[in-house]
Protein chains: 2
Amino acid sequence: MISTVTMKWNGNFLELIDQRKLPSVEEYVRCTNSDCVAQAIKDMIVRGAPAIGASAAFGYVLGAVENKEHLTIEAMERVKEKLASTRPTAVNLFWALERMHSKFLSEVDNEEREDVLRILNEEAERIANEDVEVNKQMGMYGQELLPKSSTVITHCNAGALATVDYGTALGVIRAAVERGKTVHAYVDETRPYLQGARLTAWELLKLGVDTTLICDNMAGWVMKTRKVDAVIVGADRIAANGDTANKIGTYSLALLAKKHGVKFYVVAPVSTIDTDISNGIDIPIEERSHTEVTEIHGFRIAPDGVGVYNPAFDVTDAKLIDAIITERGVLKYPYVESIAKVVK
Amino acid sequence: MISTVTMKWNGNFLELIDQRKLPSVEEYVRCTNSDCVAQAIKDMIVRGAPAIGASAAFGYVLGAVENKEHLTIEAMERVKEKLASTRPTAVNLFWALERMHSKFLSEVDNEEREDVLRILNEEAERIANEDVEVNKQMGMYGQELLPKSSTVITHCNAGALATVDYGTALGVIRAAVERGKTVHAYVDETRPYLQGARLTAWELLKLGVDTTLICDNMAGWVMKTRKVDAVIVGADRIAANGDTANKIGTYSLALLAKKHGVKFYVVAPVSTIDTDISNGIDIPIEERSHTEVTEIHGFRIAPDGVGVYNPAFDVTDAKLIDAIITERGVLKYPYVESIAKVVK
């Protein structure tokens, strides 16, 4: 059993809050099979690297239930592939699926099919529960980096909604507030999908944080004209050298932060680190539909026939990152070394 | 008589294309009095520093017609003040009104009221016609800075719609294309008002320019991953030292351009230079309505109760600007000297 705002799991189905409709509508989509979970990830009903990972794990369990009569390696590889092919950049998706699949492989000779299903369910729930614990741990480490009264900028949504619960970057803000610190958060609206305006602002207001919404192109001017202590963001994939893929716009924010003497922090669980990739150049960057840019809630904002470039992520050079906050501690540059120490 | 896409003037009324409705609807708003012109500037039916200047000049003429029976200095000062109080940042507004008002002052003793009205009308039409000529001149100078095949990024709308006709920054692209050069333009959508997506993309497509629309937060990543020759923007006010107020986001673009070895060009008529202001700190920055950020075409995209910061402009340090292209030539740093030479 898992029950958070982001997702509810009871062993039979997964309910995901429809993040496309927030904040105006709070509605859950119920998935009773793995196809539905795959589609929900693709359509961004659920988004955020850790939330995608946990959802995929539950999708894998549903896939096992679907194949219960012929629970073969081939069948479960197909389930894994289907869920893995939904989005290319965030590595937590592949990490969670690999973890589920190795658990399955270790149980494949177990003739008690119900036992295998139970074990897979336990593993998926473990992934989800661990995510919440890991976020709280990161929040604890991260808040130590914030002054007692601080002003931060955050981009996209790295909150409870991007995870099973608590949040990564917003988890740090939350942990600071829980410890009596005062945080004023500037929230980039984060075009084209508006995760900042729709999700982060909504979450921060619920947490009672003083929140100011800005357009993405205002962040540099805010850094120049107002006192900003730190930019705090999540991550979708971190290479072995610390280069970090995150929501498009993060790279520019990091450059602007460096220029203005503002600290730039990435908050992500160790599962976001992909040591198979030595540096950021090799991280695949998803390009999404043109209509995300040319339409807002079905309203056309650009002329017909215009070309569009819509990368969902960019890669921030490790050198621009002052710290990567993980559940195993605060990593510092050179990340090749600090990452190697925490990733076994 | 003036007749362009942006505005139509026949001596009795001013018609302005409603830039809030483009590109989906092409509709003109007819103003038969100075109040209507003031409101149209305030509501951004007409926007863009040079277009605002010319519109205000015609508004001044309408104000003179309204006061024809008592054409006093006091009456025309009230007209001037009303039009001047519409928007605080773009200096062309004040420049055009001052020019109209000095013409009036030089004619105030003329007892032939019809003559005075005719002379004011001629002066306003001269301002409008000069604007087109000045833009073509800037285009000619500016295009020389672009390689035969070039890739540029532009922000907001500095096209025909921001002027009486032809455009400032887009005038440079247009002049390059007219001379057989190939230009690929990345257009920042320019939140919150979406002038890039709605107006610039529309204009460039009409000019046959290869146009790619991006969100504002993608420009840095485009500079890093694709070959970009120049960022080309307009200006709303340039201080005596070259510091330039332009649409919010311009300052960040300039920093990103510097970082990536991309040229950064400002294109603006000499009337945009305000030598009464020694540097950018003193340029007043307009803050606009929160709903520009929280709503898109009436659709709410942020939670109720969220704070918003919505500066319409920012100031780019002169040192970040590789050239200021005016109708009197291409100015280079240090601008204190190059500006002093062209401003008499």
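Visitor: In what sense do strand E3 and E4 of chain A pair, and over how many bridges?
Guide: First a caution: this is a predicted model. Strand E3 (residues 14–17) and E4(A) pair in the antiparallel sense, over four bridges. Within that pairing, A:Leu14 has A:Cys31 as its bridge partner in E4(A).

Visitor: What sheet do they belong to?
Guide: An open sheet of four strands in chain A, in the order E1-E2-E3-E4, with antiparallel pairing. Strand E1 (2–3) and strand E4 (28–31) are the edge strands, each pairing on one side only.

Visitor: Which salt bridge does A:Glu15 form?
Guide: A:Glu15 forms one with A:Arg30, and the closest N and O atoms are 2.9 Å apart. A:Glu15 is in strand E3 of chain A and A:Arg30 in strand E4 of chain A, so the pair ties together parts that are 15 residues apart in sequence.

Visitor: Is A:Glu15 buried or exposed?
Guide: A:Glu15 counts as buried because its relative accessibility is 16%, and the cut-off for buried is under 20%. A:Arg30 has 49% and counts as partly exposed.

Visitor: And what does A:Glu27 bridge to?
Guide: A:Lys21, with the closest N and O atoms 2.8 Å apart. A:Glu27 is partly exposed at 34% relative accessibility, and A:Lys21 is partly exposed at 33%.

Visitor: Moving to the helix H5 of chain A. Where do A:Arg118 and A:Asp115 lie?
Guide: Both lie in helix H5 (residues 113–143) of chain A, three residues apart, about one turn of the helix.

Visitor: Which residues do salt bridges with shared partners join into one network?
Guide: A:Asp18, A:Arg20, A:Lys21 and A:Glu27. Over all chains, a search of the whole structure finds 41 salt bridges.

Visitor: Now the interface. How many residues of chain B are in contact with chain A?
Guide: 54 residues of chain B, in contact with 55 residues of chain A. B:Asn217, B:Trp221 and B:Tyr309 supply 19% of the area that chain B buries against chain A, more than any other three residues.

Visitor: What area is buried between the two chains?
Guide: About 4,400 Å², with 70% of that coming from carbon and sulfur atoms.

Visitor: How many salt bridges are there between chain B and chain A?
Guide: Four. A:Glu189 forms a salt bridge with B:Arg191, where the closest N and O atoms are 2.6 Å apart. There are also 18 residue pairs in polar contact between chain B and chain A, both residues being at pLDDT 80 or more.

Visitor: Which elements of chain B give two or more residues to that side?
Guide: Among them are helix H7 (195–206), helix H8 (219–225), helix H9 (250–260) and strand E15 (307–308) of chain B. H9(B) gives the most, with six residues. By class, the side of chain B that touches chain A has 29 nonpolar, 15 polar and ten charged residues.

Visitor: Which strand of chain A pairs with E15(B)?
Guide: Strand E7 (residues 210–214) of chain A, in the parallel sense and over two bridges. B:Val308 in E15(B) is the bridge partner of A:Leu213.

Visitor: What else does E7(A) pair with?
Guide: Strand E6 (residues 182–188) of chain A, in the parallel sense over five bridges. There, A:Ala185 has A:Thr211 as its bridge partner in E7(A). Four of the five residues of E7(A) are buried.

Visitor: Over to chain B. How many residues of helix H6 are buried?
Guide: Seven of the ten in helix H6 (residues 169–178) of chain B. Among the buried ones are B:Leu170, B:Val172 and B:Ile173. The buried residues of H6(B) pack against elements of chain B including helix H5 (113–143), strand E5 (149–154) and H7. B:Gly180 follows H6(B) and has a positive phi, near 85°.

Visitor: Last one: which strand holds B:Leu16?
Guide: Strand E3 (residues 14–17) of chain B. B:Leu16 is buried, with a relative accessible area of 0%. Leaving out residues up to four places away in sequence, B:Leu16 touches several residues, including B:Met7, B:Tyr28, B:Val29 and B:Ile45.

Note on methods: Residues numbered from 1 in each chain as written. Chains lettered and ligands numbered in written order. Predicted model: local features only at pLDDT ≥ 70, side-chain atom pairs only at ≥ 80, totals over all residues. Heavy atoms only, no water. Contact = heavy atoms within 4.5 Å. Buried area = accessible area lost by both parts, 1.4 Å probe. Salt bridge = Lys/Arg side-chain N within 4 Å of Asp/Glu carboxyl O. Polar contact = N/O pair within 3.5 Å; in protein donor to acceptor, adjacent residues only side chain to side chain. Nonpolar A, V, L, I, M, F, W, Y, C, P; charged D, E, K, R; others polar. Pairing = 2+ DSSP bridges. Buried < 20%, exposed > 50% of the residue type's maximum accessible area, 1.4 Å probe, protein only.
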